[in-house]
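Here are a few exercises to work through with the model open in your viewer. Have a go at each one before you read the solution.

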Amino acid sequence: MAEDGLYGDPDLARFYDLENGWADDLDYCRDLARSCSSVLDLGCGTGLFAAKLAQQGPVEVVGVDPAKAMLDIAVGRPGGERVRWIEGDARELRLDRRFDLVVLTGHAFQVFLTDADRAAVLTTIACHLAPEGRFVFDSRNPRVQAWTKWTPDCSRRRLDHPEIGKVEAWNDVSHDPTTDVVAYGTYYKVEGGERVYASHSKIAFPSKMQIASLMGAAGLMVLEWLGDWSGRVFTPTSPEIIPVGRLKTGSFPELPNRLGNG
Ligand SMILES: C[S@@+](CC[C@H](N)C(=O)[O-])C[C@H]1O[C@@H](n2cnc3c(N)ncnc32)[C@H](O)[C@@H]1O
């Protein structure tokens with residue numbers, strides 16, 4: 001999995017928060033976290049969720065992301081000093097301890113392009129969940145074909161960056177129907193300037209059935225499938241696929257060192 005410049009390039013990472021603020025998804029996850037004493041945020045990006053949780057405490061929060069440029073922003077947030085930030089890959093992470101809640105927010109699950117990668121991250125979730133812990137993540141429903149709106153014409157927008165001023169942004173996109181992998185470009189052009197900041201990304205749109213079929217082998221079970229962040233139950237035309245779940249009954253994957261379990 002090559003590093004995505006959208007997250008790995010410091011120039012591009014500074015645009016992330018302009019386009020991705022606090023919304024229903026993070027409200028829902030924060031509500032889930034209310035009774036938790038520990039939360040693991042996989043693919044935490046610029047750390048909006050993790051830092052806010054830690055700031056509001058008391059809760060122990062760990063945020064994991066392979067993109068240093070995103071973590072550099074996360075560290076500087078209010079509350080960021082209370083989070084343990086780890087530069088790492090959610091497919092391979094083994095912290096040798098467990099959490100009351102494991103989340104992947106902001107469609108981070110879609111960065112995993114193959115069933116093997118998805119299975120690996122689900123196994124990581126299972127390896128870090130406490131016996132009564134919960135996990136939640138979101139993935140856009142392929143039936144809704146959100147990518148059809150990511151053309152230059154539909155996606156052109158103007159942003160106001162606090163440091164660099166007005167910015168024009170747009171995307172372009174292509175969809176591979178055999179894999180449901182979407183390749184998209186993201187472009188930022190500072191108004192009055194010449195330079196275009198560009199990145200090329202790939203994300204997957206697995207179906208609910210595909211995601212469900214990987215859960216059992218990873219040692220996870222889904223308690224409910226939501227279809228949006230207002231908490232509606234999933235239907236075939238829901239915008240989102242949101243599994244909320246726990247360890248499969250009787251499943252408690254062995255950790256390398258049980259003494260270290262949190
Ligand atoms: C769409 S962003 C979501 C960020 C954040 N969770 C949010 O809600 O804004 C996807 C994030 O997944 C991260 N990512 C990419 N590959 C990853 C991997 N193998 N393990 C963990 N995170 C990864 C990216 O660096 C990026 O920060």
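Predicted model: local features only at pLDDT ≥ 70, side-chain atom pairs only at ≥ 80, totals over all residues.

Residues are numbered from 1 along each chain as its sequence is written, and side-chain values use heavy atoms, leaving out hydrogens and water.

**Exercise 1.** Check the radius of gyration of the protein chain against the compact-globule rule.

*Solution.* Take the rule, 2.2 Å times the number of residues to the power 0.38, with the radius computed over C-alpha atoms. For 262 residues that lands near 18 Å, and the chain has 18 Å, so the two agree. Then look at the box along the principal axes: the C-alpha atoms fill roughly 60 × 40 × 35 Å.

**Exercise 2.** Work out whether strand β4 is enclosed or open.

*Solution.* Start with the cut-off: buried means under 20% relative accessible area (1.4 Å probe, protein chains only). Strands are DSSP E runs of at least two residues, helices H or I runs of at least four, numbered from the N terminus. Five of the six residues in β4 (residues 99-104) are buried, so the rest of the structure largely encloses this strand.

**Exercise 3.** Find which strands β4 pairs with, taking at least two DSSP bridges as a pair.

*Solution.* First, β1 (residues 38-42) pairs with β4 in parallel over three bridges, with D41 partnered by V103. Next, β5 (residues 129-137) runs parallel to β4, joined by five bridges; here V102 partners F135.

Technical notes
Buried < 20%, exposed > 50% of the residue type's maximum accessible area, 1.4 Å probe, protein only. Pairing = 2+ DSSP bridges.
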